[in-house]
Amino acid sequence: MKGLVVFKGRYGSTEEYANWIAEDLGFGLACSDDIKKKDLENYDVLVIGSSVYTGRLRISDWLEENREILLKKPIYLFTVSGTHPTEDRILQRILNLSIPEDMHDRYRHYPLHGRLVSKKLTLKDRLFISFGSRIANGGVKPKGNPLRDYDYVARDSINAMVEEIRRNIEA
Ligand SMILES: Cc1cc2nc3c(=O)[nH]c(=O)nc-3n(C[C@H](O)[C@H](O)[C@H](O)COP(=O)(O)O)c2cc1C
């Protein structure tokens, strides 16, 4: 069984998770910008990872571009976001907006918690977070600092996902 982990993040947390997953499963690893359609055909199983930006998956365009091939493969999708992994409704809305409709019931989703280090953000991203949170709060500055740093990235968080994929591919 030949597997590949394809990811698209921005500041490193998605890539970090992707690396750990590829290592634990013995799968290949590629950023979605570097993988060609014909290369995807060579894999039996795909693990796809994306961070969440402005309410969408960063990898959503790539999913649309490769839709036909992806529909033929078992897909395990992990998302990395500031949204807590138990916030099902919020995460489901993000998935619905970002994933081609005919793929909706064809993947298993694993939500992972991400990291924000405000001093590493581009100016555009800092502004987005500052003003985006105000817009989402009806134009009123929300309580608390929206640029507050957090880091929930932990190697253990992938254990259940890796075990489930391992069980499925061995079955
Ligand atoms: C500009 C910006 C927008 C973001 N938008 C969202 C969002 O809409 N929902 C969310 O849950 N997290 C959001 N996040 C948090 C990221 O998903 C989180 O920091 C993630 O770990 C980033 O992954 P990366 O390090 O691979 O880029 C946003 C972060 C930034 C910098």
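Tutor: Helices (H or I, at least four residues) and strands (E, at least two) are DSSP runs, numbered from the N terminus. The model is predicted, so that local features need pLDDT of at least 70 and side-chain atom pairs count only at pLDDT 80 or more, while totals for chains, interfaces and linings use all residues. Residues are numbered from 1 along each chain as its sequence is written.

Student: How many helices and strands does the protein have?

Tutor: The secondary structure of the protein amounts to 7 helices and 8 strands.

Student: How is the protein divided into domains?

Tutor: Domain bounds come from an automatic or database domain assignment, and here they give domain 1 (3-114 + 152-170) and domain 2 (118-150). The centres of domain 1 and domain 2, taken over C-alpha atoms, are separated by 26 Å.

Student: Which residues come nearest to the ligand?

Tutor: A residue is near a molecule if its C-beta atom, placed from the backbone, lies within 6 Å of it. Of the 22 residues around the ligand, Gly9, Arg10, Thr14, Ser51 and Gly114 come nearest. Among the elements that give two or more residues to this shell are helix 1 (13-25) and strand 3 (45-53), and at least three residues are drawn from each of domain 1 and domain 2.

Student: What share of the protein is buried?

Tutor: A residue is buried if 20 or more other C-beta atoms, placed from the backbone, lie within 10 Å of its own, exposed if 12 or fewer, and partly exposed in between. By this rule, buried residues make up 27% of the 171 residues in the protein.
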